[in-house]
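Subject: Structure for you to look at

Hello,

I am passing on a structure that you have not worked with before. Please open it alongside this email and read the notes below with it.

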Amino acid sequence: MLKKMNIFQRIFYAFCGEGKARKLRTSIFCILASMVFGGIILLLLGKNPIVAYKSLLQGAGILPKIKYPGRKNQLTDILNLLDYTTPMVFASLAVAVALKCGLFNICVSGTMIFTGILATTLVGYSNLDPFVARILVVIIGIVGGGLLGALIGWLKYRFNMNEVIVSIMLNYIINYIASFVINSRYADPISRESVEIGQNARLTLMNFEAMGLKMNISLLFPFAILVVFLIDFLMKRTKLGFELKSVGTSPLASKYAGMNVKRTMILSMVISGALAGLAGVAYYLGTYGSIQPRVLPALGFDAIAVALLGFITPIGCFFASILVMIFQCGTSYLSSRLGVLREIASLITSILLLFSACAVYFNQKADSYHNKFLMEDKSDE
Amino acid sequence: MNSIINDSMAFALPLFIIAIGGIYCEGSGVINLALEGLLGVGAFFGGLSFAMISTQLGTTTNSMIYLSLIFSMIGGGLFAILYALLAIRFKANQVISGVVINMLSVSLTAFLANQLNYSLFGQASNKFMLAVFPRVTVPFLNKVPVIGAFFNETYVFEYIIIAIALIMWFVLYKTPYGMSVRACGDNPQAVATAGRDVNKIRFSAVIISGIMAGIGGMCFAYSISTNFSPSIYVGYGYLAIAAYIFGNYKIGQTLLACLIFGFARTFGYLIVQALALPSTYSDLALTFPYIVTLVLLIFFSKNFTAPKGLGEVYEKSKR
């Protein structure tokens with residue numbers, strides 16, 4: 001008696017089963033599944049999910065809005081999206097590089113605050129030439145973040161400390177110290193955040209006027225694309241990249257093969273930290289321009305989801321970043337159009353995360369279908 | 001002096017009960033970074049039940065406070081089922097799924113707290129107001145020097161926690177069930193050979209950790225802020241994890257670690273008060289427990305022996 005797959009199993013197998021571009025198809029399956037879940041929640045709230053998702057895309061600049069305020073149009077919305085995406089690209093790459101080496105860098109948020117506050121206090125309020133100031137900010141981001149990453153890697157290796165616990169403790173320590181620094185010296189009495197930095201150090205050109213529009217142009221976005229390709233090259237074509245992946249798969253085997261496991265682990269944390277540091281300057285000195293005390297940026301944690309969704313590959317991280325930021329950028333337009341709470345976007349993002357964490361299971365499940373249904377097909381013939 | 005001991009215990013004991021849940025979970029071989037999220041969801045359920053009952057009846061009584069504690073246990077346990085499904089049934093990476101559960105619980109409780117406040121109570125707020133937890137003074141014992149402070153004006157939940165902790169200690173170390181939980185962490189194949197279902201035992205251990213985290217979270221909500229709001233996520237779950245790692249996965253030593261955290265926290269505040277520093281310095285005081293944890297971990301991490309099978313998905317066919 002030959003068993004047949006039912007319609008749900010067929011759809012599931014089409015997305016997660018063997019074949020070309022399996023990772024991509026599984027990711028798309030996760031996205032669609034979380035959107036279905038989000039849609040059910042929206043339906044329960046009495047809203048039309050299709051209208052909701054459409055206004056999400058409109059808010060992010062992918063679809064044209066019905067009307068725009070003066071000197072804004074779809075182009076400015078897209079530029080805004082890219083501006084918001086830039087720190088996410090760096091942050092998700094930071095998570096991905098560490099994960100490849102079997103380390104879990106949850107200190108991305110802390111590193112972001114660390115480099116953010118360093119660059120803000122050292123360069124943000126200075127009168128340096130814009131070109132010099134911006135270069136300095138980026139260097140501070142890379143070096144500061146790299147040092148912090150090195151510290152975590154070193155503690156992990158030297159003292160056998162769990163890097164997750166160390167990262168979490170550092171997150172809170174940095175967060176409170178930064179908030180102390182802001183509140184005691186740099187607090188803006190009205191916004192209760194740090195005083196906004198000068199335009200000369202800002203990595204985003206704010207309200208840049210051209211073609212009769214006022215645009216926010218992220219200067220780091222082209223650099224982010226470059227970094228994506230650099231990390232991709234590092235992972236696929238270099239000795240270090242091979243060692244990273246090897247240590248991530250099996251530290252013992254790598255040691256046996258003569259690799260320096262200690263050096264590789266610390267190096268991966270340095271790279272990861274430097275990327276997280278870049279995310280920090282892109283976030284605090286680019287997109288926002290000020291630091292909110294006592295708040296760990298949620299972006300640092302969302303980056304874990306993004307890295308997973310991108311199957312821990314640099315190119316995947318890039319596209320996953322754009323997708324997640326579409327959700328987040330479109331939220332305010334969505335909530336003003338439909339009157340739903342802003343939290344719905346982060347809720348859908350975390351459901352998306354939940355599905356992407358199960359991606360390996362989905363693939364296994366599809367493989368078991370393969371054995372159960374398709375193999376029998378062949379034996380019957 | 002009295003207030004130091006009281007404040008420290010009111011912080012250390014909820015941390016302790018969360019850590020006990022963590023010991024069960026990790027003892028059975030499942031890494032549990034989800035404690036942070038579980039305690040938040042537990043507190044959310046407790047807070048919600050308290051708000052609903054008190055608006056229905058129009059009054060607040062002590063029995064409702066205890067009822068909310070039970071609801072927080074149920075809530076934490078239910079949410080732990082989700083984590084157990086991910087980590088055991090779906091074989092997801094346990095570290096990652098723990099963090100995922102944390103993020104989901106933060107966004108879910110923030111969303112639900114806003115939405116339910118709006119639709120049930122007609123308020124635009126993300127908080128559920130709670131009552132003050134009753135305090136008791138034990139006669140005679142409170143006259144004992146130093147230790148007596150613990151029996152003076154103590155929150156009732158501290159005694160509840162101690163009672164539960166004793167039961168949990170007994171179950172883990174003196175019953176067949178506790179034995180198999182610990183065996184699941186060290187050598188799951190041996191447990192399977194003995195005719196027990198490894199995944200079932202792990203599932204139950206994860207749910208126990210959710211229930212314990214629920215109590216702990218609710219007690220934090222009562223003692224620290226007397227309301228439930230998303231600001232409950234300040235890393236106490238992670239602190240509990242550090243506590244039982246520091247306590248080497250043993251309940252007795254973990255109590256010691258929790259007490260260290262509790263006193264470190266109180267002393268941090270005291271120093272700021274004693275030196276009459278401006279209020280901005282309280283931020284520095286807040287770093288104190290985390291720095292103490294980090295430094296202690298540096299010294300003691302070498303000696304730790306985690307359960308051997310920790311973090312490994314149990315495969316029947318694996319040798």
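What follows is a short account of what was found, topic by topic.

Please keep in mind throughout that this is a predicted model.

Salt bridges

Side chains of opposite charge can pair when their charged atoms come close. Over all chains, the structure has five salt bridges.

A:Glu243 takes part in salt bridges with A:Lys239 and with A:Arg263. In the pair with A:Lys239, the N to O distance is 3.8 Å. Both of these residues sit in helix H9 of chain A, four residues apart, which is about one turn of the helix. A:Glu243 is buried because its relative accessibility of 8% falls under the 20% limit. A:Lys239, in contrast, is exposed at 62%.

The N to O distance between A:Arg263 and A:Glu243 is 3.5 Å. A:Arg263 belongs to helix H11 (residues 261-288) of chain A while A:Glu243 belongs to helix H9, so this pair ties together parts that are 20 residues apart in sequence. A:Arg263 is partly exposed, with a relative accessible area of 41%. Through shared partners, salt bridges join A:Lys239, A:Glu243 and A:Arg263 into one network.

Another salt bridge links A:Glu196 with A:Arg202, whose closest N and O atoms are 3.2 Å apart. Here A:Glu196 is partly exposed at 47% relative accessibility, whereas A:Arg202 is buried at 2%.

Surface patch

Chain A carries a nonpolar surface patch of about 770 Å². The residues that make it are A:Leu128, A:Phe131, A:Val132, A:Ile135, A:Leu136, A:Ile139, A:Ile142, A:Val143 and A:Leu147. One of them, A:Leu147, is located in helix H6 (residues 130-159) of chain A. A:Leu147 counts as exposed because its relative accessible area is 58%, and the limit for that class is over 50%.

Backbone points

Which residues other than glycine have a positive phi? A:Phe311 is one of them, with phi near 55°. A:Phe311 is in the loop between helix H12 (298-309) and helix H13 (314-338) of chain A, and it is buried at 19% relative accessibility. B:Asn248 also has a positive phi, of about 55°, without being a glycine. B:Asn248 lies in the loop between H9 and helix H10 (251-274) of chain B and is buried at 15%.

A:Ile174 is part of helix H7 of chain A and is buried, at 11% relative accessibility. The C-alpha atoms of A:Ile174 and A:Phe114 are 6.5 Å apart, although 60 residues separate the two along the chain.

Regards

How values were computed: Residues are numbered from 1 along each chain as its sequence is written. Chains are lettered from A and ligands numbered from 1 in the order in which they are written. This is a predicted model: local features need pLDDT of at least 70, side-chain atom pairs count only at pLDDT 80 or more; totals for chains, interfaces and linings use all residues. Side-chain values use heavy atoms; hydrogens and water are left out. Patches are made of residues with over 30% relative accessible area and no salt bridge: like charges are joined within 9 Å, nonpolar side chains (Val, Leu, Ile, Met, Phe, Trp, Tyr) within 5 Å. Accessible areas come from the Shrake-Rupley method with a 1.4 Å probe; for residues, only the protein chains shown count as cover. A salt bridge is a side-chain nitrogen of Lys or Arg within 4 Å of a carboxyl oxygen of Asp or Glu. Helices (H or I, at least four residues) and strands (E, at least two) are DSSP runs, numbered from the N terminus. Buried means under 20% relative accessible area, exposed over 50%, partly exposed in between (1.4 Å probe, protein chains only).
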